[in-house]
Amino acid sequence: MLLNMQETLAQLLEDIRGCRHCADALPCGPRPIVQAHGSAPLRIIGQAPGRKVHETGIPWDDPSGDRLRRWLGLTSEQFYDPRKVAIVPIGFCYPGKASSGDQPPRPECASLWHDRLNAHLRDVRLTLLIGQYAQAHYLGDRRKATLSDTVRAWREYLPLGSLPLPHPSPRNQPWLAKNPWFEKELVPDIQNAVRSLNL
């Protein structure tokens, strides 16, 4: 993809928030959710907004976000400061309900917007890849056979500036119960890595 280096981040964010590319495929209509500033050292690549986030327009404004902030050791004030945290989901809009949980994120967003947006995020030092869709897009063939294996191999990715995480949704409680090492071993190191950013 050719990048327009004359495009300002403010213009790009306005374009993203005005995007209607997938409008016909979104049961609740488009409402792109994104948070970014050129100085942010932490980038969070999630899946797609849920229904509550679609309604409020505030990223991670739900129980998943509460858990994620606990994992990171961040206050709401830190988390919602775009100069500190860039929030860039794989799909910017709520994709609708599935039989279990939500539909997968729309695939168009990442190819349309991510390269352009990431070109403005030059101060990012740590990227959290939350869930299988973020890990597939950003790790490619470097990810392991399963999400659990990828997260368990987090020490391989941290020196590269990435940290794969499971989704913090309450629906993932069974995974967390089966993988107690995550909160015992990885969460303290997540918090140390985030602290090192001096947010």
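Predicted model: local features only at pLDDT ≥ 70, side-chain atom pairs only at ≥ 80, totals over all residues.
View 1. Buried residues make up 49% of the 199 residues in the protein. The C-alpha atoms, taken along the principal axes, fill a box of roughly 40 × 40 × 35 Å. For a chain of 199 residues a compact globule would have a radius of gyration near 16 Å, and because the protein has 16 Å, the two values agree.

View 2. An unreviewed UniProt entry carries the annotation "domain: Uracil-DNA glycosylase-like", which covers residues 33-191. In the model, the end C-alpha atoms of residues 33-191 lie 25 Å apart, and the secondary structure of this span comes to 42% helix and 10% strand.

**View 3. The largest pocket and the residues closest to its centre.** The largest pocket has a volume of about 850 Å³. It is lined by 35 residues, of which Gln47, Ser64, Asp102, His167 and Ser169 are the closest to its centre. Sorted by class, the lining of the largest pocket comprises 16 nonpolar, 13 polar and six charged residues.

**View 4. Helices that contribute to the lining of the largest pocket.** At least two residues of the lining of the largest pocket are supplied by each of helix 2 (51-56), helix 3 (63-72), helix 6 (132-139) and helix 7 (147-152). Helix 2 gives the most to this lining, with three residues.

**View 5. The largest cavity and its lining.** When cavities of 30 Å³ or more are counted, the model has one, and the volume of the largest cavity is about 100 Å³. Its lining consists of 15 residues, and those that lie nearest the centre of the cavity are Cys19, Cys22, Pro32, Cys93 and Cys109.

Note on methods. Residues numbered from 1 in each chain as written. Heavy atoms only, no water. 1 Å grid on protein atoms, 1.4 Å probe; cavity = no way out; pocket = protein on both sides within 12 Å on 5 of 7 lines; lining within 4 Å. Points joined across faces, edges and corners; volume = space filled by probe spheres on them. UniProt positions renumbered as here; feature names shortened; annotations may be inferred. Helix = DSSP H or I, 4+ residues; strand = E, 2+ residues; numbered from the N terminus. Nonpolar A, V, L, I, M, F, W, Y, C, P; charged D, E, K, R; others polar. Rg over C-alpha atoms; globule rule 2.2 N^0.38 Å. Buried < 20%, exposed > 50% of the residue type's maximum accessible area, 1.4 Å probe, protein only.
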